[in-house]
Amino acid sequence: MALLADKVVCITGASRGIGRGCALACAKHGATGLVLHYFGDDATTREVEGLKAEIEGAFAQCRVVYVPGDIAMRETSLKVVEEGVKAFSRIDVLVSNAGICPFHEFLTMPPEIWERTRGVNLDGTFFITQAVANQMQKQIPQGGSIIGISSISALVGGEYQVHYTPTKAGILSLMQSTAVALGKYNIRANAILPGTIATDINKEDLADIAKREGMIKRTALGRLGGNFPLLTHLQPDDIAGPVVFLASDLSKYMTGSQVLVDGGLFVNLQ
């Protein structure tokens, strides 16, 4: 069943991790166009070029364009939308995924780390959401689905994430308010809150075997999420599946919602 048949999907931070998984899943479910944002250094350029080749080689209906840039800068979001519309004439789905989490002790945290984390995670989500929403509002037929990748960290704290958790709470709040602001344009906005997903963002933190095993033990399903190659029993579509659902018409009456995708981490108090 092609849940995203004829859809054009824009994904930020698409070269690796959750973003990459979402790109592959959207193509698998019938998307005809993917607008992939990536940072633009040598590593992410190689990654997105490989991803484009993989998708277009495996899914004949899907064409990929990719756009580099620092998502913390408003002009990057404007360029992403410009290139997407130039290639496909419209954007039906946004997955605002790009994010960073440079773990750091709170009392000694330099302001630069706070500012950069806020800039990428929260400012970047605001800029791309606003830019895509403006396009969705004026296109015919009007509307679309916006999905903000928040985090379980929007609901709980972390000793070395004092700069990160507020940005993820902000993304959740942003999706709630944009749902109210954009409903009259047939634009839906929802948030996905991943639990501990093993990707590049936390690979150093999860390299601590004791910590990793503790996180696995706390998770009701008995494994972490994601597709990090050093870990076993992981599913690459742990987050991509819910993203496809929220992007599709199966969720056509959902807006302002939050979907916690954490393997049962949040509810496992003991």
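The dialogue below goes through a few features in turn.

Modeller: Keep in mind that this is a predicted model.

Biologist: What does the side chain of asparagine 190 reach?

Modeller: For a polar side chain, check N and O atoms within 3.5 Å. Here the side chain of asparagine 190 reaches the backbone oxygen of methionine 254 at 3.0 Å and the backbone nitrogen of glycine 256 at 3.3 Å. Leaving aside neighbours within four places in sequence, the contacts of asparagine 190 include Ile146, Ile147, Gly148, Met175 and Leu246.

Biologist: Ile147 is in that list. Which residues have the most contacts inside the largest nonpolar core?

Modeller: A core is read as a set of buried nonpolar residues joined through side-chain atoms. The largest one has 31 residues, and Leu34, Leu36, Val95 and Ile147 have the most contacts inside it. At least two residues of this core come from each of β1 (8-11), α1 (17-28), β2 (33-38), α2 (42-58), β4 (93-96), β5 (144-149) and α8 (240-247). The element that gives the most is α1, with six residues. Beyond four places in sequence, isoleucine 147 is in contact with residues including Val93, Val95, Asn190, Ile192 and Val243. There is also a second, separate core of 26 residues, with Ala154, Leu174, Leu182 and Ala189 among them.

Biologist: Now a strand residue: which residues does valine 67 touch?

Modeller: Count contacts away from the residue's own stretch of sequence. Valine 67, in strand β3 (residues 63-68), touches Leu36, His37, Tyr38, Lys79, Val80 and Glu83, not counting residues up to four places away. Its relative accessible area is 4%, so valine 67 is buried. Valine 67 and valine 48 are 19 residues apart in sequence and 9.5 Å apart in space, C-alpha to C-alpha.

Biologist: Which residues make the nonpolar surface patch?

Modeller: For a patch, look for nonpolar side chains with over 30% relative accessible area. Leu155, Val156, Leu260, Phe266 and Val267 make one of about 420 Å². Phenylalanine 266 lies in the segment after β9 (258-261). With a relative accessible area of 41%, phenylalanine 266 is partly exposed.

Technical notes
Residues numbered from 1 in each chain as written. Predicted model: local features only at pLDDT ≥ 70, side-chain atom pairs only at ≥ 80, totals over all residues. Heavy atoms only, no water. Polar contact = N/O pair within 3.5 Å; in protein donor to acceptor, adjacent residues only side chain to side chain. Contact = heavy atoms within 4.5 Å. Core = buried A, V, L, I, M, F, W, Y, C linked by side-chain atoms within 4.5 Å. Buried < 20%, exposed > 50% of the residue type's maximum accessible area, 1.4 Å probe, protein only. Helix = DSSP H or I, 4+ residues; strand = E, 2+ residues; numbered from the N terminus. Patch = residues over 30% accessible without salt bridge, like charges linked within 9 Å, V, L, I, M, F, W, Y side chains within 5 Å. Areas by Shrake-Rupley, 256 points an atom, 1.4 Å probe, with all protein chains shown as cover. Salt bridge = Lys/Arg side-chain N within 4 Å of Asp/Glu carboxyl O.
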